[in-house]
Amino acid sequence: MSVPRYWREMPERTRLEAAKCNRCGIILFPPRGKCMNCGSESFVQYALPRRGKLITFTIVRSPTKGFEKQVPYVLGMVELEDGTKITVPLTDVFPEDVSIGMNVEAVFRKVFEDGESGIIEYAIKFRPTL
Amino acid sequence: MIMRKVAVLSTGLTKVDKHWRKSLRELYGEAAKAAINQTKVPQLDALIIGNMCASDLSDQNNIGALLADYLGMTPSMAYRIEAACGSGGAAVLGAYTAVASGMYDFVMTGGVEKLTDGVGGNTTYSLGKAADAEFELFYGSSFVSLNAMIMNHYMHVYHTSREDFADLAVLMHKNGARNPYAQLPFPITRDTVMNSDMISDPISLYDCAPVGDGAAALLLCPLEDAPKYSDTFVEIVGIAGATDTINISSRTDLLTLNSTVVAADRAYKMAKLTPKDIDVAEIHDTFTITGALSVEDLGFCEKGKFHKMLANGAFEAGGIVAINPSGGLKSRGHPVGATGAYQVAEIAMQLCNKADKWQVPDAEVGLAQNIGGSGSSTYITILRRAR
């Protein structure tokens, strides 16, 4: 992954920054060019809540490129406290201990290493609430 | 706006397989020649081809010119359409509008895919690009794992089991065993699915469509001209495409393929038909969960009930609607950018009584549903036997 490509998505991936529509108030994550609800183009920066509940998950046993060392790893969909849903990796938990409905919280973690000469990508993951 | 009626004049397929000896152009060439040689049209005005992965796996772009050249069609207009696994259906829609608008008379379309040109994890990675690269793929998601989350959610909400989904794979293999173009033409049992390797819980290997190569070609022309060139053609009576959020977490309901609901509704209205009128359907069962959501969202059964209808034989010939007599993506195979073209061609074959051992008796009206991504786009084509 190129450095600019990684760098420009940092607000969303490392700070959970979303867009809040100035007209109808809907939260868009990731942000869009126009509001999918009312068509407005006016947004204000909005920090998503850092806690939520796990709606669904999967244990990945056949990884994609770059994630071979992490198998088995857990990907989940979290409904945050304001109702926004996001797809995120789960961390700090054994796959067999993950269950639908569990409370989770945001934590800063390494996602993957881009080969020997590439950069190391970091982002928000979620862990069971401490 | 006055649009011309459009016919599928002829079709050609290759068997879906690991075609190690055949290149991208040779595969489509084989299917296209089979379609072209069934009829004697005066000229071929355009080629609109569906393909997803050639730039990743075969280092080839500009597929339109490549294939027009190979088929001796230059200087006719040609281009490629990419809509992930929906590329084939999207190409047929593009060809339909080209003929219906009156701009072109004889248009070659279809799809081609060479997945076995990928090395190592490249094929899985390339297929994963159907999802949101920055907010799904980035985290190590694959096409399988995103659908696995949908399946896990379905099982939780509707209290269904892996076995319920396995039975859909069993039916697909029973059907595909009769289809000479199928990649996996053999029957399986529920245990085959349950005992297969877990890929991304709860999706196991036999919940998934296989990786394969293939090409499907269709020749479209104005309906009023079709009788001059063929005795066996079908009319495209309804066709539509629709989209949904590319990121599955942005959807209000994770268990509804809204692009399928909307595209089907538009296609049914255009054809002045309802789900009850459909005799045979080729649906997009990339994974058993995708097949389940598809039969529900096409209006063939209520939400959360696919497994009960399946157990009652509703999806077999003689039931409510014959689902995937070809074996579907699960058994016929899933050469991604060609799959939607296979589906439309297979429905055309059914309606022309050309499906031999996998023929559904007395099929008059058929539907093809082709999905791109995890439901982020759908292309629906409804065909009727020409009268």
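I began with the two chains: 26 residues of chain A are in contact with 25 residues of chain B, contact being C-beta atoms, placed from the backbone, within 7 Å. The model is predicted, so I note that local features need pLDDT of at least 70, side-chain atom pairs count only at pLDDT 80 or more, and totals for chains, interfaces and linings use all residues. Residues are numbered from 1 along each chain as its sequence is written, with chains lettered from A and ligands numbered from 1 in the order in which they are written.

I looked up which elements of chain A give two or more residues to the side that touches chain B: β4 (51-60), β5 (73-80), β6 (85-90) and β7 (103-113). Strands here are DSSP E runs of at least two residues, and helices are H or I runs of at least four, numbered from the N terminus. β4(A) gives the most, six residues. By class, I find 16 nonpolar, six polar and four charged residues on this side of chain A; Ala, Val, Leu, Ile, Met, Phe, Trp, Tyr, Cys and Pro count as nonpolar, Asp, Glu, Lys and Arg as charged, and the others, Gly among them, as polar.

Next, I checked a sheet in chain A. It is open, has three strands in the order β2-β1-β3, and pairs antiparallel; pairing needs at least two DSSP bridges between two strands. β2 (27-28) and β3 (43-47) are the edge strands. β1 (residues 17-21) of chain A joins β3(A) over five bridges, and Lys20(A) has Val44(A) as its bridge partner in β3(A).
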